[in-house]
Each structure stands twice: as C-alpha cells, then as structure tokens.
Amino acid sequence: MSNASETYGEAAPEKPWLTAMVRGARGKCPRCGEGSLYSSYVKTAPQCAECGLDLSGHRADDAPPYITTFLVGHITIPLALASKQLFDPPLWMQFAVWLPIMAVSAWAILPASKGALIGLQWVNKMHGFAGPDADPAADA
Ligand SMILES: [Zn+2]
C-alpha cells in the first residue's frame with residue numbers, strides 16, 4: 001500500500017482544486033470549508049469569519065451568470081422541446097411551466113457556480129488570492 005506522497009510525488013498540490021470548488025459551490029470558504037462565502041445571496045463576504053481568508057480579491061465577474069445560463073439552457077430547453085413533442089401542450093402552458101422552472105434553476109445555480117469559480121481562483125492563486133508578492137501586472 002502506498003501513501004499519498006508516493007502516489008503523487010513531491011509535486012502533489014497543496015490545495016486540492018476539487019475540494020475548493022465543492023466548498024465554494026456549497027457557499028463555504030474554499031480554504032477552511034467552514035466560514036460563509038457570501039454575506040447575502042451572491043454578495044461575497046469581505047473575509048472568511050472562521051479562518052480570515054481575504055475574499056475581496058476574487059474576480060468572478062461575468063463567468064457565473066454565463067455558466068448559469070449555459071446550464072439552465074442546456075437542461076430546460078431539451079426538456080421543453082421533448083414535452084412539446086410528446087404532449088403538444090398549448091403555448092401558455094409551456095410558458096407557465098418552463099419560465100418558473102428556468103427562473104428557480106438560475107436562482108439556485110448562480111451562487112454555486114460563483115462559489116465554485118471563486119474556489120478555483122483561490123486554488124490557482126489568481127487575482128487577489130495571489131498574495132502580496134504577486135506581480136500586479138499579471139492581472140492587468
Ligand atoms: Zn475560511
């Protein structure tokens with residue numbers, strides 16, 4: 001039986017990216033997994049209340065809404081088209097069913113996609129997670 005250092009060698013990552021992304025997707029701090037990532041719906045807290053990680057340097061920007069739109073569209077549009085083919089419901093019923101499902105799905109997925117992206121940025125030391133020794137020109 002081998003231990004982790006034999007399996008992964010000296011180049012083993014200090015920060016497991018999947019763990020950080022899952023913690024972020026659950027709305028938790030990517031470093032400790034205990035503190036809340038958000039102070040409200042998708043407003044990032046300035047720092048983790050448990051470990052003190054400075055969360056203000058993330059740059060999720062437009063990626064979380066893009067990911068959310070991509071996922072919601074690729075899940076609901078095929079289902080809507082399949083329901084049209086199978087049941088041929090009237091147009092008003094399609095709107096009454098699928099628009100709320102799309103809205104609720106987007107509302108639920110957006111914080112998870114933003115948190116996962118912040119976790120990935122933290123693992124890769126991107127933007128404000130790079131630390132004080134980072135080259136400021138790298139983010140320009
Ligand atoms: Zn933390």
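Lys84 counts as partly exposed, with a relative accessibility of 38%, on a scale where buried means under 20% relative accessible area, exposed means over 50%, and partly exposed lies in between (1.4 Å probe, protein chains only). The side chain of Lys84 meets that of Asp88 in a salt bridge, with 2.5 Å from N to O; the term stands for a side-chain nitrogen of Lys or Arg within 4 Å of a carboxyl oxygen of Asp or Glu. Side chains of opposite charge can pair when their charged atoms come close. By this rule the count for the structure comes to one salt bridge.

The model is predicted, so that local features need pLDDT of at least 70 and side-chain atom pairs count only at pLDDT 80 or more, while totals for chains, interfaces and linings use all residues. Residues are numbered from 1 along each chain as its sequence is written, and side-chain values use heavy atoms, with hydrogens and water left out.

Read along the sequence, the chain follows the pattern α-α-α-α, with four helices and zero strands, where helices (H or I, at least four residues) and strands (E, at least two) are DSSP runs numbered from the N terminus. Of the 140 residues in the chain, 28% are buried.

A zinc ion is held by four cysteine SG atoms, those of Cys29, Cys32, Cys48 and Cys51, which lie 2.2 to 2.3 Å from the ion. Donors are N, O and S atoms within 2.8 Å of the metal (3.2 Å for Na, K and Ca), and since water is not among the atoms, sites may look incomplete. Along the chain, the donors follow the spacing C-x2-C-x15-C-x2-C. The angles among the four donor atoms run from 103 to 116°, and the site is tetrahedral, a label given to four donors if all angles lie between 85 and 135 degrees.

| Residue | Relative accessibility | Class |
|---|---|---|
| Cys29 | 0% | buried |
| Cys32 | 22% | partly exposed |
| Cys48 | 1% | buried |
| Cys51 | 28% | partly exposed |

With a disulfide taken as a pair of cysteine sulfur atoms within 2.5 Å, the count comes to zero disulfides.

Together with Tyr66, Leu71, Ile75 and Leu79, Phe70 makes a nonpolar surface patch of about 500 Å².

Conventions:
Tetrahedral: all angles 85-135°; square planar, octahedral: opposite > 155°, others 65-115°. Patch = residues over 30% accessible without salt bridge, like charges linked within 9 Å, V, L, I, M, F, W, Y side chains within 5 Å. Areas by Shrake-Rupley, 256 points an atom, 1.4 Å probe, with all protein chains shown as cover.
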